[in-house]
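Subject: Structure handover

Hello,

Here is the structure for your files.

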Amino acid sequence: MAVAGAALALGALTLTACGGSATADNKKDGGDTGAPQITISAKDGSTGASINATGVKVADGRLTDVKMTEADGGKAVTGTIASDGSSWKPKDQLERGTKYRIAATAKDSAGHTAAANSIFTTVTTANSFIGTYTPDDGTTVGVGMPVSFTFDKAITNRKDVQAHIKVTSSSGQQVVGHWFGGQRLDFRPEEYWKAGSKVTMKIDLDGVEGADGVHGVQDKTVTFTVGRAQVSTVDVNTQKMTVVRDGQTIKTVPVSTGSAAHPTYNGRMVISEKFVQTRMNGDTVGFGGEYDIADVPHAMRLSQSGTFIHGNYWSSPSIFGAQGTSHGCVGLQDVRGAGGDTTAKWFFDNSLVGDVVVVKNSHDKTISPDNGLNGWNMSWSQWTSGSAS
């Protein structure tokens, strides 16, 4: 995920020929127009410079050479001069908390030259924040997939941070953000995304103060596609799951939900991850040594606390469609090794991250909206009340 740095203390550094004063009179004999004017966005001696927006520009001339290096060690930073010679920028984002040196030269049409230099330090990790987000750029997701940011530092200035993340859909649906505490911000429309729509999130956090002295470092546009509309409903009373796609039932399959001692959560849950095979160890979710299965097939995460819908090869086929036996997961009949033509493989192959799995008639409570990507379990009024806009 690309990040861009906070534009802190980024003054314009304008130096003329041979490193003269920024206010020097560059006119030559007879009223000559003088040397090119070079501007380096990161002021000499500054700290907190942008890791993405730092660059060089020139007026009244063309850049002839720009060299950028890490000041400690001299590692070169690759960059490109624009075809018209008016600007230069690094190829890749800079590192946070790193000292850099830029030396630039330029020439005008009359042959006058100019040079400028700057030594500066980019914004530090301690004084900046980033948001890890999902879904990724270019992906295709199910209709229930929210946009979800998890920030690496607590955000106290939530209004400004939220205002600098714009999420829009080609469907025209209104999209609203909701804060789950100080480090998580999710966005969704009132109803599921419209199938086939394109969703764009414009992340414009570069320089935005998220907390006292802590600024954002991201400047990026991410676009993803919403696929077909698939919602699968698990009825604990019947131990069956009905898969509905684009309004039509495409399959009803037998399942085994949580046992009486460990019931499955009720509510609307979004598939957030898919694994052809994964290890499931009860120690990681508070069940002690009750189970440790190294190769659970066709596993799809429904909650952060350990709820999955997954294949089950270790139980008798007679349980599926008949009784709940798990520690809260939804199991489908499968074979070891994730091969073969099984119910679990079919559902795995026909599911997207972002698809919705609804569980009803369980004796457990409704899943918490922040346990996974499950904000759909809040009413629209509850959702909008958690917005900082």
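First a definition: helices (H or I, at least four residues) and strands (E, at least two) are DSSP runs, numbered from the N terminus. The model is predicted, so to speak by its record: local features need pLDDT of at least 70, side-chain atom pairs count only at pLDDT 80 or more, and totals for chains, interfaces and linings use all residues. Residues are numbered from 1 along each chain as its sequence is written, and side-chain values use heavy atoms, with hydrogens and water left out.

**Salt bridges**

Side chains of opposite charge can pair when their charged atoms come close.

Glu-273 and Arg-301 form a salt bridge at 2.7 Å, N to O. The pair links distant parts of the chain, 28 residues apart. Glu-273 belongs to strand β25 (residues 273-281), Arg-301 to strand β26 (residues 292-301). For burial, the cut-offs are: buried under 20% relative accessible area, exposed over 50%, partly exposed in between (1.4 Å probe, protein chains only). Arg-301 is buried at 15%. Glu-273 is partly exposed at 32%.

Asp-292 and Arg-279 also meet in a salt bridge, at 2.7 Å, N to O. Here Asp-292 lies in strand β26 and Arg-279 in strand β25, 13 residues apart. Asp-292 is partly exposed, at 43% relative accessible area. Arg-279 is exposed, at 51%.

Asp-349 and Lys-345 make a salt bridge of 2.7 Å, N to O. Both sit in helix α2 (residues 343-349), four residues apart, so about one helical turn separates them. Asp-349 is partly exposed at 47%, and Lys-345 is partly exposed at 28%.

**An open sheet**

Four strands form an open sheet in the order β3-β9-β8-β5, with mixed pairing. Two strands pair if DSSP finds at least two bridges between them. The edges are β3 (47-49) and β5 (62-70), and each pairs on one side only. Neighbouring strands are turned by 35° against each other on average, direction ignored. Axes are lines fitted to C-alpha atoms, for helices over the stretch in contact, with angles from 0 to 180 degrees between N-to-C directions.

Strands β8 (residues 99-107) and β9 (residues 113-122) pair in the antiparallel sense, over nine bridges.

Best wishes

Definitions and conventions
Salt bridge = Lys/Arg side-chain N within 4 Å of Asp/Glu carboxyl O.
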